[in-house]
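Q: I would like to learn how to read a structural model feature by feature. Could you take me through the general idea behind each one, and then through the case at hand?

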Amino acid sequence: MRYYKKCIMPNTRPETVFDADGVCDACRSAENKNQNIDWKAREVELLKLLDRYRSDGSWYDCIIPVSGGKNSCFQAHVMKNRFGM
């Protein structure tokens with residue numbers, strides 16, 4: 001068994017591949033997101049979109065389908081508490 005250099009994920013995990021430097025594809029993808037995306041500009045774009053659909057209080061602003069898992073519950077939490085939807 002081999003382990004990836006950055007995240008110590010074992011190479012027995014299905015559908016994960018090493019690159020020539022021994023780094024998994026998930027770590028490379030995360031690096032790409034952190035280096036090539038202007039997150040502040042994306043947030044401004046999201047706020048504009050949310051403002052288009054924000055209600056006057058008489059209706060729901062949005063519907064967020066969740067599975068009940070930690071990721072989808074966090075999504076709902078952020079939309080309510082950070083973005084006021």
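A: We can begin with exposure: a residue is called buried under 20% relative accessible area, exposed over 50%, and partly exposed in between, with a 1.4 Å probe and protein chains only. The model is predicted, so local features need pLDDT of at least 70 and side-chain atom pairs count only at pLDDT 80 or more, while totals for chains, interfaces and linings use all residues. Residues are numbered from 1 along each chain as its sequence is written, and side-chain values use heavy atoms, with hydrogens and water left out.

Q: Why is Tyr60 classed as exposed?

A: Tyr60 is exposed because its relative accessible area is 76%, and this residue sits in the loop between H2 and helix H3 (70-81). From Tyr60 to Met85 the C-alpha distance is 8.1 Å, although 25 residues separate the two in sequence.

Q: Which helices and strands does the protein have?

A: Helices (H or I, at least four residues) and strands (E, at least two) are DSSP runs, numbered from the N terminus. Here the protein has 3 helices and 0 strands, and its pattern along the sequence is α-α-α.

Q: What is the radius of gyration of the protein, and what would a compact globule have?

A: The radius is taken over C-alpha atoms, and the globule rule is 2.2 Å times the number of residues to the power 0.38. For 85 residues a compact globule would be near 12 Å, but the protein has 19 Å. The C-alpha trace spans about 55 × 30 × 15 Å along its principal axes, and buried residues make up 15% of the 85 residues.

Q: Which residues form the largest nonpolar core?

A: In soluble globular proteins, nonpolar side chains tend to be buried together. A nonpolar core is a set of buried Ala, Val, Leu, Ile, Met, Phe, Trp, Tyr and Cys residues joined through side-chain atoms within 4.5 Å. In this model the largest such core has 5 residues, namely Leu50, Val78, Met79, Phe83 and Met85. Contact means heavy atoms within 4.5 Å, and, not counting residues up to four places away in sequence, Met79 touches Leu50, Cys62, Ile64, Gly84 and Met85.

Q: Is Leu46 buried, partly exposed or exposed?

A: Leu46 counts as partly exposed because its relative accessibility is 31%.

Q: Where is Ser55 found, and what is it in contact with?

A: Ser55 is in the loop between H2 and H3, and it counts as partly exposed because its relative accessibility is 24%. Leaving aside neighbours within four places in sequence, Ser55 is in contact with Tyr60 and Asp61, whereas the C-alpha atoms of Ser55 and Lys80, 25 residues apart along the chain, are separated by 13 Å.
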